[in-house]
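Here's a quick tour of one protein model, taken a few spots at a time. Grab the viewer and follow along.

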Amino acid sequence: MSQVEVDGSKPGSGASFSSAARTAVDALLAPVDAELARRYPGDSGTRQPVHTVYVPADVFAADTVSSWGRQALEAFDTHAGSPAELARALGVPDDELLADVHARVRAKLEREPVEDLRIDFEDGYGPRPDAEEDAAAVRTAELITAAVADGSAPPYIGIRIKCMEAAVRDRGIRTLELFLGTLIAGGGLPEGLVLTLPKVTYAEQVTALVRLLEDFERRAGLPAGRIGFEIQIETTQAILGADGRATVARMIEAAEGRATGLHYGTFDYSASCGVSAAYQSMDHPVADHAKAVMQVAAAGTGVRLSDGSTNVVPTGPTEQVHAAWKLHHDLVRRSLARAYYQGWDMHPAHLPTRYVAVYSFYREGLAAAAARLTAYVAKAGGDVMDEPATAKALSGYLLRGLDCGAVDPAEVTRLTGLDRKQLDALAGR
């Protein structure tokens, strides 16, 4: 009998794998392949807002976005009317980069001051008589429908309901039902609709919202999975469960593909860890630990991260505003360096430093990122040997800068020779 007949290899070719072994491996790993594709689909490729603005439902009005823009511009012009004054406020160099950023931020505040707006029916709204909250849920939905119709709505908008704990569960469900029902009656759900589920402690609370949304979609004739939601991480139980496992990973799984984001709640989480009020901040060690767990749990799933907020408000005399701005600017920059590309803004005067920090982050690294990406595409090497994973990160960096307006399509194409479609491909979108 020949060697070919014995093991399927070619005479003289040495040892090899049999076709039976390869078939067995494929059969063994087919379920794993399917599980990887299901659990880790990667980024959706859609725009991620750089912030979320939270306003209580009772103060939300038709002009909320434009009012925030006007107040932000007034603060910017009053306390940082020139690049030199902005540099003094933030303790950064007064250079050509800052002058460019200053002009771009002012234009952003005029054009699109708010990228994501969350109308709050939870802590910022508090307990109200049922009739009052019912009316607010309907009114909010009607205002959103009108804003979408006239083009004044921000790219993303939605509500934060009360949590799924027993004391407020029925109230939160009722608000969500009225809100979604009113949107449907008014013409349909906005493309940029976002819902936020706060104070999640158990994965079953996430599953409960999934079941409610499934029921609503069936009854409203919507495609299955149309409505997604963010999970707010505000409790220690959301990070580490009683069984010692990382609860946040279980919550992503419990969302059954509907989770769009994990939002860190600075003050609730810090308080649940026993941190005294004076030290509750986005850069406290308990915050860093929680967000690191969130980051690893969300990696590759398509679920995006958002940092929290600062409660130091930039109001009062210029010296006080500058101090609050420096704090906010430095915290936002810190978050960006740690790959938390979104955060909360609680006051109109936070918008200038949000955009200054974001725009500086993307503009100061533009030339270097473009050069490295160009060298990678051209296989030119250079002084850094980049791999596909780094090319993915570089293109993702440029795309985020494009999405928020920090950089322009023409300059990215001029520097890299790549258009948006090519960048998307390199980023794996």
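T353 is buried, because its relative accessible area is 1% (buried means under 20%, exposed over 50% and partly exposed in between, using a 1.4 Å probe and protein chains only). This is a predicted model, where local features need pLDDT of at least 70, side-chain atom pairs count only at pLDDT 80 or more, and totals for chains, interfaces and linings use all residues. Residues are numbered from 1 along each chain as its sequence is written, and side-chain values use heavy atoms, with hydrogens and water left out.

**Around T353**

- You'll find T353 in helix α13 (helices are DSSP runs of H or I with at least four residues, strands are runs of E with at least two, and both are numbered from the N terminus).
- Leaving aside residues up to four places away in sequence, T353 touches L90, W325, H328 and H329 (contact means heavy atoms within 4.5 Å).
- With H328, the T353 side chain makes a side-chain polar contact of 2.8 Å (a pair of N or O atoms within 3.5 Å; within protein, one must be able to donate a hydrogen and the other to accept it, and residues adjacent in sequence count only if both atoms are side-chain atoms).
- L327 sits 26 residues from T353 along the chain, and their C-alpha atoms are 9.4 Å apart.

**Where α3 meets α13**

- Helix α3 (residues 64–79) packs against helix α13 (residues 350–364) at about 75°, with 7 Å between their axes (axes are lines fitted to C-alpha atoms, for helices over the stretch in contact, and angles run from 0 to 180 degrees between N-to-C directions).
- So α3 and α13 are roughly perpendicular to each other (that label covers 65 to 115 degrees; under 35 is roughly parallel, over 145 roughly antiparallel, and the rest oblique).
- On the α3 side the residues are W68, A72 and F76, and they meet L351, P352 and V356 in α13.

**The nonpolar core**

- The largest nonpolar core has 101 residues, and I119 and L262 touch the most other members (such a core is a set of buried Ala, Val, Leu, Ile, Met, Phe, Trp, Tyr and Cys residues joined through side-chain atoms within 4.5 Å).
- α13 gives the most to this core, with 8 residues.
- Among the residues that L262 touches are I231, I233, V248 and M294.

**Around Q48**

- Q48 is in the loop between α2 (19–39) and β1 (51–56).
- Q48 counts as buried because its relative accessibility is 10%.
- Its side chain makes polar contacts with the side chains of Q342, at 3.0 Å, and R400, at 2.8 Å.
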